[in-house]
Amino acid sequence: MTQEHRLKSGFETRAIHAGYEPDPSTGAVNPPIYATSTYKQDGVGGLRGGYEYSRSGNPTRAALEGALAAVEEGERGFAFASGLAAEDTLIRALTRPGDHLVIPDDAYGGTFRLVDKVAGPWGVEHSAAPVSDPARVAAAIRPGRTRLVWVETPTNPLLNIGDIAALAAIAHDAGALLVVDNTFASPYLQQPLTLGADLVVHSTTKYVGGHSDVVGGALVARDLEVAEKIAFHQNSMGAVPGPFDAFLTHRGLKTLAVRMERHCDNAERVVDFLTSHPAVGDVIYPGLETHPGHEVAQRQMRRFGGMVSFRVRAGETKALDVCSRAEVFTLGESLGGVESLIEHPGRMTHASVAGTDLEVPADLIRLSIGIETAEDLIADLERALD
Ligand code: PLP
């Protein structure tokens with residue numbers, strides 16, 4: 001299959017074939033795990049395929065990076081050792097002391113910690129704004145100083161929706177770039193670069209890897225100039241995944257489309273159950289017509305995803321109790337794997353924003369809906385709630 005044919009293909013074909021040609025010497029249909037730190041040179045500087053040292057490049061990682069670029073329809077993809085390593089590289093590549101970022105007012109706690117506690121002391125300031133309100137995002141921009149408008153959509157854990165096209169226009173008018181953390185939607189459900197975003201960030205630990213067996217991150221850039229800065233910093237900072245992790249992440253990506261369809265089917269079933277349960281208050285899911293971001297989500301997402309959050313009427317103690325009582329849902333951080341997870345954001349994933357403007361409600365539970373039998377998931381929640 002030629003590269004040109006590949007780029008015109010459907011999502012699933014790109015996820016499976018882009019980035020790699022069967023190995024010319026053996027015909028191996030999957031990228032071999034090149035467990036090597038260095039490469040023999042044919043005379044000084046005589047590199048084979050450009051490979052000289054595995055921080056700079058490794059064929060297993062290159063295959064993953066090619067596939068990531070293809071599924072996000074970007075110019076170049078970059079793989080990292082974690083989502084936060086990708087974010088750190090992005091911030092250091094594209095900002096300098098004195099610059100300013102706009103971040104979501106319900107950003108993932110680790111992103112907030114990185115921006116506030118690492119980039120902040122280095123001299124990069126930030127303001128938080130709700131991604132669902134473009135006017136407030138625009139108002140948070142500091143003309144001449146804001147370099148990045150950073151959004152998650154859906155956000156973690158409140159599943160707010162940002163209008164990517166509108167936010168891109170706002171960022172570009174101010175001379176800033178729009179960065180979209182696409183972890184919750186995954187490239188199957190949403191492709192921000194096609195809607196005007198400049199960079200996509202992923203924690204590939206989540207849906208892209210999809211099996212809760214590997215930590216990783218990714219950046220995909222829409223244009224070459226930004227890609228070159230990222231490439232330079234990826235090599236200079238060195239937060240790259242090893243070939244085993246790159247292989248696992250790439251293997252996950254190949255089945256992303258079928259997994260996401262099942263995550264969405266199951267999430268819709270769970271949402272139906274939760275909305276009619278008397279112990280449950282607000283159910284937060286962009287697929288619900290009552291969700292304030294429903295129309296925007298419908299426009300920019302293929303379906304509404306596998307993440308569901310809800311509030312427990314009886315308050316925090318009961319919410320903690322429900323988390324502990326679930327059995328099919330595993331109590332744990334992270335999301336996007338084949339197995340369903342339950343967590344209490346206030347005490348777990350978002351503990352780092354406690355006491356700040358980004359604090360999440362104490363009665364909130366977040367579910368990552370897996371691809372198990374839907375009836376088992378519903379029965380488990382019923383037992384835990386009653
Ligand atoms: N972005 C989002 C939306 C996340 O949920 C996470 C982790 O939970 C990250 C980024 C950070 O990724 P990682 O844990 O792979 O460093």
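Strands E11 and E12 pair in the antiparallel sense over three bridges; two strands count as paired if DSSP finds at least two bridges between them. The model is predicted, so local features need pLDDT of at least 70 and side-chain atom pairs count only at pLDDT 80 or more, while totals for chains, interfaces and linings use all residues. Residues are numbered from 1 along each chain as its sequence is written, and side-chain values use heavy atoms, with hydrogens and water left out. Helices (H or I, at least four residues) and strands (E, at least two) are DSSP runs, numbered from the N terminus.

**The five-stranded sheet**

- E11 and E12 belong to an open sheet of five strands with mixed pairing, in the order E8-E9-E12-E11-E10.
- At the edges are strand E8 (280-284) and E10, each of which pairs on one side only.
- Ile-342 has Leu-367 of E12 as its bridge partner.
- Strands of a sheet pair through backbone hydrogen bonds, either parallel or antiparallel.

**Helix H13**

- Ala-319, Val-322 and Cys-323 are buried (under 20% relative accessible area, where exposed is over 50% and partly exposed is in between, with a 1.4 Å probe and protein chains only) in helix H13, which spans residues 316-325.
- These residues lie on the same side of H13 because they cover an arc of only 100° around the axis, the arc being that of the directions from the helix axis to the C-beta atoms.
- Thr-317 and Ser-324 are exposed, on the face of H13 turned away from its buried side.
- The buried residues of H13 pack against strands E9 (307-312), E10 (330-331), E11 (341-343) and E12 (364-368), and against helix H14 (374-385); contact means heavy atoms within 4.5 Å.

**The seven-stranded sheet**

- Seven strands form an open sheet with mixed pairing, in the order E1-E7-E6-E5-E4-E2-E3.
- Strand E1 (76-80) and strand E3 (125-129) each have a single partner strand, so one side of each is left without a neighbour in the sheet.
- On average, neighbouring strands of this sheet are turned by 20° against each other, direction ignored.
- Strand E2 (residues 100-104) pairs with strand E4 (residues 146-152) in the parallel sense over three bridges.
- His-100 has Thr-146 in E4 as its bridge partner.

- H3 lies across E1, strand E6 (199-203) and strand E7 (217-221), and runs at about 130° to E1; axes are lines fitted to C-alpha atoms, for helices over the stretch in contact, and angles run from 0 to 180 degrees between N-to-C directions.
- Helix H9 (residues 224-237) runs at about 25° to E1 and lies across E1, strand E5 (177-181), E6 and E7.

**Helix pairs**

- The axes of helix H3 (residues 59-72) and helix H10 (residues 243-254) cross at roughly 35° and come within 8 Å.
- This crossing of H3 and H10 is left-handed, a term used if the near helix is turned anticlockwise from the far one by less than a right angle, with right-handed used if clockwise.
- Residues making the contact include Ala-63, Leu-64 and Val-71 of H3 and Phe-247, His-250 and Leu-253 of H10.
- By class, the contact of H3 with H10 has nine nonpolar, three polar and one charged residues; Ala, Val, Leu, Ile, Met, Phe, Trp, Tyr, Cys and Pro count as nonpolar, Asp, Glu, Lys and Arg as charged, and the others, Gly among them, as polar.
- Helix H4 (residues 83-94) packs with helix H5 (residues 109-122) at an angle of about 35°, and their axes are 11 Å apart.
- The crossing of H4 and H5 is right-handed.
- Among the residues in contact are Leu-84, Glu-87 and Ile-91 of H4 and Arg-113, Leu-114 and Trp-122 of H5.
- The contact of H4 with H5 has six nonpolar, two polar and four charged residues.

**Backbone exceptions**

- Most residues other than glycine have a negative phi, and most peptide bonds are trans.
- The peptide bond from Thr-153 to Pro-154 is cis, with omega near -5°, and Pro-154 is in the loop between E4 and helix H7 (164-173).
- Asn-156 and Pro-157 are joined by a cis peptide bond with omega about 10°; Pro-157 lies in the loop between E4 and H7.
- Glu-73, not a glycine, has a positive phi of about 55° and is found in the loop between H3 and E1.
- Glu-73 is partly exposed, with a relative accessible area of 42%.
- Ser-334, in the loop between E10 and E11, has a positive phi near 80° and is partly exposed, with a relative accessible area of 24%.
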